[in-house]
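Here is a short report on one protein chain. Keep the sequence and the 3D view open while reading.

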Amino acid sequence: MKITFFSTKPYDRASFEEANRDPGFELEFHKSHLSPGNAILAAGSDAVCIFVHDQADADTIGILAQNGVRLIALRAAGFNNVDLQAAARYDIRVVRVPAYSPYAVAEHAVALMMALNRKTHRAY
């Protein structure tokens, strides 16, 4: 199975390569955001893995489908950047992160409050 990743950073690549040691999928990484102009980069892939700024509209999904993609996996809980009706028309499954850790959300909220209190947003 081949998976093409879009919008990847070096730490994404390291994490996914580490997690892929046992399954042994073929992984391909791209720094660019998925769009109709570069969806062809996923040719021959069974799945694409995208993030929040990737564009999976009807045009993009059509190109993915023509090139053999059967699954869109999101590295986020939100899916407003994916045309679900187009995915259903092309029989492409869409999966996402079901939810975020409430602890992580609370920690982030406290960090933001501390940043405001200590004015670190100005200091940077």
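## Ground rules

Contact means heavy atoms within 4.5 Å. Helices (H or I, at least four residues) and strands (E, at least two) are DSSP runs, numbered from the N terminus. The model is predicted: local features need pLDDT of at least 70, side-chain atom pairs count only at pLDDT 80 or more, and totals for chains, interfaces and linings use all residues. Residues are numbered from 1 along each chain as its sequence is written, and side-chain values use heavy atoms, with hydrogens and water left out.

## Overall layout

The protein chain has five helices and five strands. Read from the N terminus, the order is β-α-β-β-α-β-α-β-α-α. Its C-alpha atoms fill a box of roughly 50 × 35 × 25 Å along the principal axes.

Of the 124 residues, 31% count as buried. Buried means under 20% relative accessible area, exposed means over 50%, and partly exposed lies in between (1.4 Å probe, protein chains only). Among contacts with a separation of 6 or more, 55% join residues 24 or more positions apart.

## Helix H2 and Thr 60

Which residues of H2 are buried? They are Thr 60, Ile 61, Gly 62, Leu 64 and Ala 65. Their cover includes S3, S4 and helix H3 (84-89). Just after H2, Gly 68 takes a positive phi of about 95°.

Thr 60 sits in H2, which spans residues 58-66. Its relative accessibility is 0%, so Thr 60 counts as buried. A polar atom of the Thr 60 side chain lies 3.2 Å from the backbone oxygen of Gln 55. Beyond its neighbours within four places in sequence, Thr 60 is in contact with Leu 34, Ser 35, Pro 36, Ala 39 and Gln 55.

Lys 2 belongs to strand S1. Is Lys 2 buried or exposed? Lys 2 counts as buried because its relative accessible area is 13%. Leaving out residues up to four places away in sequence, Lys 2 touches Glu 26, Glu 28, Ala 43, Gly 44, Ser 45, Asp 46 and Ala 47.

Ser 7 lies in the loop between S1 and H1. Ser 7 is not a glycine, yet its phi is positive, about 60°. With a relative accessible area of 9%, Ser 7 is buried.

A volume is the space filled by probe spheres set on the points, which are joined across faces, edges and corners. The largest pocket has a volume of about 230 Å³. Of its 13 lining residues, Ile 3, Phe 5, Phe 16, Phe 25 and Leu 27 are the closest to the centre. Strand S1 (2-5), helix H1 (10-19), strand S3 (47-50) and strand S4 (71-74) each supply at least two lining residues. By class, the lining has twelve nonpolar, one polar and no charged residues. Ala, Val, Leu, Ile, Met, Phe, Trp, Tyr, Cys and Pro count as nonpolar; Asp, Glu, Lys and Arg count as charged; the others, Gly among them, count as polar.

The second largest pocket holds about 160 Å³ of space. Its lining includes Ser 7, Lys 9, Asp 12, Lys 31, His 33, Asp 54 and Arg 75. Here the classes are three nonpolar, four polar and five charged residues.

## Helix H4 and its ends

Helix H4 covers residues 102-118, 17 residues in total. From first C-alpha to last, H4 reaches 24 Å, close to the 24 Å expected at 1.5 Å a residue. That expected span is 1.5 Å times one less than the number of residues.

Ser 101 caps the N-terminal end of H4, with a side-chain oxygen 3.2 Å from the backbone nitrogen of Tyr 103. Tyr 103 is part of H4. Its relative accessible area is 65%, so Tyr 103 is exposed. Tyr 103 and Pro 10 are 93 residues apart in sequence and 26 Å apart in space, C-alpha to C-alpha.

Lys 119 follows H4, in the loop between H4 and helix H5 (120-123). Lys 119 has a positive phi of about 55° although it is not a glycine. At 44% relative accessibility, Lys 119 counts as partly exposed.

Note on methods. 1 Å grid on protein atoms, 1.4 Å probe; cavity = no way out; pocket = protein on both sides within 12 Å on 5 of 7 lines; lining within 4 Å. Polar contact = N/O pair within 3.5 Å; in protein donor to acceptor, adjacent residues only side chain to side chain.
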